Amino acid sequence: MTTTHILETRNLVVEYQQHRAIDQLNLAVPAGCVYALLGGNGAGKTTTISTFLGFNRPSSGQVLIGGRSLQDQPELVKSELAYLPENVALYDLLSGAENLRFFCALAGIELGREQTGRLLSDSGLQADAHDKRVGQYSKGMRQKVGLAIASAKHAKAMLLDEPTSGLDPSAANDFAQRIRAAADGGMAVLMATHDLFNAKQVADRIGIMKQGRLVEEFDAHSVQHDELESKYLAHARGLA
Ligand SMILES: Nc1ncnc2c1ncn2[C@@H]1O[C@H](COP(=O)(O)OP(=O)(O)OP(=O)(O)O)[C@@H](O)[C@H]1O
């Protein structure tokens, strides 16, 4: 039986002017999998994510969403993907509930009051915060509204860039559990991160990028944390 990957790149090359940011990248994330993309500054993680989102045009190679070519069907980004950047962009003067309804309406989804509350609660946002202005929210609370938007969209895949940066350990742990639950519900998750602990905690697969290439890939459950750190540092120091 062949697995249909929800997110896939085949021999992907992305260049900024003369600079090759992604170099022959082959990456595949099936449904139900959390894939953590590690790598030092400038390795190409954000470029990978922004190419899935259609912000960069591949110089060569392919980007596939659910087995379909993004180059041929750019509308797949809107219908199939959810994106959570490091800082989720919300309207500070609107409440969490209003933001959720607003962003869903933009995606053509009308939410009732009850459904809005349920989505926010299921994403971990405490009930007494639903109607408070987002300007008063912590970073972790904003992430939860972002998760609720992704969940309401029934996105097949979620792309995350540095999702736990700046979260305290408890909020990061809580967030990791939400991501795990989304994947267990069938989503494919691609997460660029510098947080090795979080990657080990939540991911099924881990890939290490360097200079636009995937230099190592392994099953997250088969490595111990210190082993992961050694592998990461070996690549960072050019010893691997
Ligand atoms: N808009 C751009 N124009 C030109 N070069 C860029 C642009 N964005 C990224 N780059 C270059 O492409 C390479 C990959 O950058 P990218 O931001 O994808 O790396 P990253 O792994 O996400 O790094 P970080 O961990 O620092 O966020 C780097 O050499 C970077 O300088």
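Before I turn to the fold, one convention: two strands are said to pair if DSSP finds at least two bridges between them. With that in hand, and bearing in mind that what we have here is a predicted model, I can start with strand 9, residues 205–210, and strand 10, which pair in the antiparallel sense over six bridges. Within that pairing, Lys210 has Arg213 of strand 10 as its bridge partner.

These two strands belong to an open sheet of six strands, whose order is 6-7-8-3-9-10 and whose pairing is mixed. At the edges stand strand 6 and strand 10, the latter covering 213–219, and each of them has a single partner strand, so one side of each is left without a neighbour in the sheet. From one strand to the next, the twist of this sheet averages 20°.

Strand 1, residues 5–16, and strand 2, residues 19–30, run antiparallel to one another and are joined by eight bridges. Tyr16 has His19 as its bridge partner in strand 2, and in the hairpin that these strands form, with two residues between them, Gln17 takes a positive phi near 45°. Strand 1 is also joined to strand 4, residues 60–65, by five bridges, again in the antiparallel sense, and here Leu7 stands opposite Ile65 of strand 4.

Now to the helices. Which strands does helix 5 lie across? Helix 5 lies across strand 6 and strand 7, the latter being residues 157–161, and it runs at about 175° to strand 6. Helix 5, which spans residues 139–152, also meets helix 3, residues 96–106: their axes come within 10 Å and cross at roughly 35°, and the crossing is right-handed. On the side of helix 3 the contact is made by Gly96, Asn99, Leu100, Phe103 and Cys104, while helix 5 contributes Val145, Ala148, Ile149 and Ala152. Sorted by class, this contact has seven nonpolar residues, two polar ones and no charged ones.

Is Ser95 buried or exposed? The cut-off that matters is 20 or more other C-beta atoms within 10 Å, and because Ser95 has 22 C-beta neighbours inside 10 Å, it counts as buried. Leaving aside residues up to four places away in sequence, Ser95 touches His130, Asp131, Lys132, Arg133 and Val134. By contrast, Leu239 lies 144 residues from Ser95 in sequence, and the two C-alpha atoms are 50 Å apart in space.

Finally, the protein as a whole. It has eight helices and ten strands. Its radius of gyration is 18 Å, close to the 18 Å that the globule rule gives for 240 residues, so the protein is as compact as a globular protein of that length. Taken along the principal axes, the C-alpha atoms fill a box of roughly 50 × 40 × 40 Å. Of the 240 residues, 41% are buried, and if we consider contacts between residues at least 6 apart in sequence, 70% of them join residues at least 24 apart.

Technical notes. Residues numbered from 1 in each chain as written. Predicted model: local features only at pLDDT ≥ 70, side-chain atom pairs only at ≥ 80, totals over all residues. Axes fitted to C-alpha atoms, helices over the stretch in contact; angles between N-to-C directions. Helix = DSSP H or I, 4+ residues; strand = E, 2+ residues; numbered from the N terminus. Left-handed = near helix turned anticlockwise from the far one by under 90°. Contact = placed C-beta atoms within 7 Å. Nonpolar A, V, L, I, M, F, W, Y, C, P; charged D, E, K, R; others polar. Rg over C-alpha atoms; globule rule 2.2 N^0.38 Å. Buried ≥ 20, exposed ≤ 12 C-beta atoms within 10 Å, placed from the backbone.
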